[in-house]
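Work through the following exercises with the sequence and the model side by side. Try each task yourself before you read its solution.

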Amino acid sequence: MAKHLKGNVDWVGYIDWELQKFHGDDYSIMNGSSQNAYLIKEGKNVLIDTVWSPHKEEFIENLKKEIDLKDIDYIILNHSEPDHSSSLPALMKEIPDTPIYCTETAKKFVEGQYGKQGWNFHTVKTGDELDIGNGEKLQFVEMKMLHWPDSMATFLTGDNILFSNDAFGQHFAVEELFNDKANRCLLNKEAMKYFANILNPFAPILKRKLVEIGKMNLPIEMIAPSHGAVWRENPLQIVEKYARWADAYQEDQITIAYDTMWNGTEKLAHAIADAVHELSPDTVVKVFNIAKADKNEIMTEVFKSKAIAVGSPTVSNSVLSSVAGWLEFLRQLKFKNKKGAAFGCYGWTGESIKVIQEKLKEAGFDVVDASIRSYFNPEADDLAKAKSVAAALLGLDLDEIEKEANQPETDKDSVAPAPDSKPADMSQYECGPCGYIYDPAVGDPDHGIKSGTSFADLPDDWTCPICGASKDQFSKVE
């Protein structure tokens with residue numbers, strides 16, 4: 001069933017509530033997904049993208065309810081990956097002469113996947129336009145490596161819709177179609193997960209592309225991606241998020257990921273978590289067993305973190321296979337500006353620490369010297385080293401902290417009094433899950449917070465008035 005988008009534009013895709021895996025089994029889907037295709041009816045009729053082949057028959061039958069297929073003047077193929085293109089062979093059997101507009105690389109990829117069928121390709125590049133009548137045009141923007149070499153976006157003038165393909169999307173089923181109708185916490189979580197696990201390796205390219213698109217001065221009023229919700233309400237919010245996420249994004253968070261054989265490495269993981277909390281109570285700590293937790297969910301938390309600790313016992317002079325595979329995936333994602341540490345138990349030789357440290361360096365992490373290499377089960381001395389690891393990841397001087405803690409009371413009393421307190425920090429803070437901005441100049445009067453209340457002075461139990469997120473999920477607006 002078609003869903004009206006805007007003007008003479010309809011959504012004609014497929015919502016897949018049962019989809020659980022994507023890219024083979026490499027990407028987990030927790031809240032369904034969609035393959036978004038769009039139909040424009042102006043002076044010319046234009047189909048933008050198709051859907052995955054398992055749904056091709058339903059897609060074509062539904063499309064026939066909206067238009068006589070022979071009346072489709074142009075097909076726009078923004079990207080040739082099968083989830084967007086694999087219904088194309090069945091569709092072209094019905095309308096074999098219909099022109100297909102795509103990049104030169106997309107043409108090669110389509111013919112590589114489906115064979116040379118003699119289809120009527122028209123290749124385009126950034127800046128090319130296609131007049132579709134009624135005063136409206138399609139403008140094409142190449143999006144190379146976001147996330148395939150053949151990708152592009154298409155902008156519809158007049159209605160000012162950017163059909164962004166894989167950029168700005170989410171694997172998230174939204175029956176109501178639009179972002180303002182979706183669960184905002186889930187929407188933002190799935191958008192970040194999609195970025196962290198699929199687009200982050202291309203973050204430097206994305207940064208340049210965002211600048212390029214900005215210089216084109218496109219009056220974007222709606223962003224219609226190939227998966228998930230269409231950004232109708234404040235559509236540029238997702239562009240702004242991408243700009244932040246692409247810039248070596250991190251929050252005040254440390255993630256600890258490990259696998260264990262006989263629970264010794266698990267004990268070390270939790271000892272490090274406890275030490276982080278002790279040294280920096282405001283820092284968010286997440287702990288995951290790599291063999292049991294979903295790897296894409298873990299990587300989303302790594303993406304948010306300023307530092308990670310990775311643990312494995314030594315097995316056959318290396319690490320557990322679960323950790324080895326996870327570390328390879330970590331390397332592929334090319335995270336930047338993050339610290340890393342290694343820990344683990346051993347019984348014979350104990351190479352796992354060195355292996356993990358080398359793999360973290362290969363993945364672009366700044367590996368700290370502190371580590372824990374525990375013989376069989378951790379003893380008190382091993383657990384005590386957790387504080388050194390935590391301090392190194394937090395960027396704290398443990399010697400100074402302990403010196404201050406051990407300072408005699410008389411010495412503490414003799415310390416010069418602190419100068420007058422600084423003025424309250426009146427910076428704005430943004431809610432990570434939903435994007436709400438807390439402005440001290442406004443406060444939160446609906447919940448008893450007067451104007452002039454700094455973020456630091458908010459009660460500890462104060463939560464986001466939009467989505468209920470706690471204070472530790474907010475970040476300072478720079």
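**Exercise 1. Determine where Thr-255 lies, whether Thr-255 is buried or exposed, and what its side chain contacts.**

Thr-255 belongs to strand S17, which covers residues 253–258; strands here are DSSP runs (E, at least two residues) and helices are DSSP runs (H or I, at least four residues), numbered from the N terminus. Before going further, note that this is a predicted model, in which local features need pLDDT of at least 70 and side-chain atom pairs count only at pLDDT 80 or more, while totals for chains, interfaces and linings use all residues. Residues are numbered from 1 along each chain as its sequence is written, and side-chain values use heavy atoms, with hydrogens and water left out.

Next, Thr-255 counts as buried because its relative accessible area is 1%, where buried means under 20%, exposed over 50% and partly exposed in between (1.4 Å probe, protein chains only).

Finally, the side chains of Thr-255 and Ser-305 are joined by a polar contact of 2.7 Å; such a contact is a pair of N or O atoms within 3.5 Å, and within protein one must be able to donate a hydrogen and the other to accept it, with residues adjacent in sequence counting only if both atoms are side-chain atoms.

**Exercise 2. Describe the sheet that contains S17, and explain why one side of S18 and of S21 lacks a neighbour.**

Start with the order, which is S18-S17-S19-S20-S21 in an open sheet of 5 strands with parallel pairing; two strands pair if DSSP finds at least two bridges between them. Strand S18 (284–289) and strand S21 (366–375) stand at the edges with a single partner strand each, so one side of each has no neighbour in the sheet.

Then look at one pair: strand S19 (residues 307–311) and strand S20 (residues 339–346) run parallel and are joined by 5 bridges. Within this pair, Ile-308 has Gly-340 in S20 as its bridge partner.
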